[in-house]
Amino acid sequence: CDESALYGAWDWCVSNKNNHPDYPILVISTSFGGGRFTAAADSADPAGFASAAAAKSAGISVFCSSGNNGYCDSVGSPAAFSNTVSIGAVYDANVGSPSYSLSYGSCPVPSGGTYTEPSTAADVVCAYSNSSADLLDLFAPSNNNATTTLGNAFRQNFNGTSAACPYAAGAAACLQSASMQISGRFLTPDELKAALVLKGDPVTD
């Protein structure tokens, strides 16, 4: 993707956060990215890190998909920034044994090639989902999910961590709405992330 356009969109959200005071922008969903990072990518992309930092300072949580290479020790950027919330993918039910073409060096297929899931179930990590013990924050449902599209069309087969990310961001938006109704204030990005990480079901890749 065009990184300048991506970070410009984040900056726009900061500048326009309170255009409607009753409905401020509090969550950004970003289903773009690339590369392979085993450690935080902050110094690898200072401009992107600074843009995410500006959003966080403004009270906006930036959710990012981790990527679909099947890596079990790394994620793409901007999910690899230390100030974003990185999202991997899990199944939400038994969907049979789907097959995927995965990148060289990925976890299920170290030499690259096609991998077929032996079984699937709710909260089982999708084989294609990038994950990392150090960099991944959350998993969310991904496989063959239903969503709307531009023009009010309906799409049934929404897949990948790019599907998981907006589902996680939607949950975060609901949590922010509930926080305002219950406590009279929105959660900070750190409070929001902690609530999702610590209160969610534990998942191990």
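**Group meeting: a walk through the predicted model**

Let's start with a serine: the side chain of Ser142 reaches the backbone oxygen of Gly160 at 2.6 Å. That's a polar contact, meaning a pair of N or O atoms within 3.5 Å; within protein, one must be able to donate a hydrogen and the other to accept it, and residues adjacent in sequence count only if both atoms are side-chain atoms. Before I go on, the ground rules. This is a predicted model, so local features need pLDDT of at least 70 and side-chain atom pairs count only at pLDDT 80 or more, while totals for chains, interfaces and linings use all residues. Residues are numbered from 1 along each chain as its sequence is written, and side-chain values use heavy atoms, with hydrogens and water left out.

Back to Ser142, then. You'll find Ser142 in the loop between β8 and β9 (145-148). Strand names here come from DSSP runs: strands are E, at least two residues, helices are H or I, at least four residues, and both are numbered from the N terminus. Is Ser142 buried or exposed? Ser142 is buried, because its relative accessible area is 0%. Buried means under 20% relative accessible area, exposed means over 50%, and partly exposed is in between, with a 1.4 Å probe and protein chains only. Ignoring neighbours within four places in sequence, Ser142 is in contact with a list of residues including Ala89, Val90, Tyr128, Phe158 and Gly160. Contact means heavy atoms within 4.5 Å.

How confident is the predictor? pLDDT is its confidence in each residue, from 0 to 100. The mean for the protein chain is 93, and 100% of its residues reach 70 or more. Confidence is highest in β3, at 98, and lowest in β10 (residues 154-158), at a mean of 76. As a reminder, where pLDDT is low, the predicted coordinates should not be read in detail.

With that in mind, here's β10 and its partner. β9 and β10 run antiparallel and are joined by three bridges. Two strands count as paired if DSSP finds at least two bridges between them. Thr148 has Phe154 in β10 as its bridge partner. This hairpin has five residues between the strands, and Gly151 takes a positive phi near 85 degrees.

Now the sheet. What is the strand order? We have an open sheet of four strands, β1-β3-β5-β8, with parallel pairing. The edges are β1 (27-30) and β8 (138-141), each of which pairs on one side only. On average, neighbouring strands of this sheet are turned by 35 degrees against each other, direction ignored; the axes are lines fitted to C-alpha atoms, for helices over the stretch in contact, and angles run from 0 to 180 degrees between N-to-C directions. β1 is joined to β3 (residues 61-65) by four bridges, running parallel. Thr30 stands opposite Cys64 in β3.

Speaking of cysteines: the structure holds one disulfide, the cut-off being a pair of cysteine sulfur atoms within 2.5 Å. Which cysteines form it? Cys72 and Cys107, with their sulfur atoms 2.5 Å apart. The torsion about the S-S bond is about 75 degrees, so the disulfide is right-handed. Cys72 lies in the loop between β3 and β4, and Cys107 in the loop between β6 (99-102) and β7 (113-116), so the pair ties together parts that are 35 residues apart in sequence. Both ends are partly exposed: Cys72 is at 35% and Cys107 at 39%.

Then there are two other cysteines to mention. The sulfur of Cys13 is 12 Å from the closest cysteine sulfur, in Cys64, which is too far for a bond. Cys13 is buried, at 14%. For Cys174, the closest cysteine sulfur is in Cys165, 15 Å away and again too far for a bond. Cys174 counts as exposed, at 55%.

Next, Tyr71, in the loop between β3 and β4 (75-77). Tyr71 is buried, at 10%. Its contacts beyond four places in sequence include Arg36, Tyr104, Cys107 and Asn130.

Most residues other than glycine have a negative phi, and most peptide bonds are trans. Here, a cis peptide bond joins Ser77 and Pro78, with omega about 20 degrees. Pro78 is in the loop between β4 and β5 (85-90). Asp123 isn't a glycine, yet has a positive phi of about 70 degrees. Asp123 sits in the loop between β7 and β8 and is partly exposed, at 37%.

Terms used: pLDDT is the predictor's confidence in each residue, from 0 to 100.
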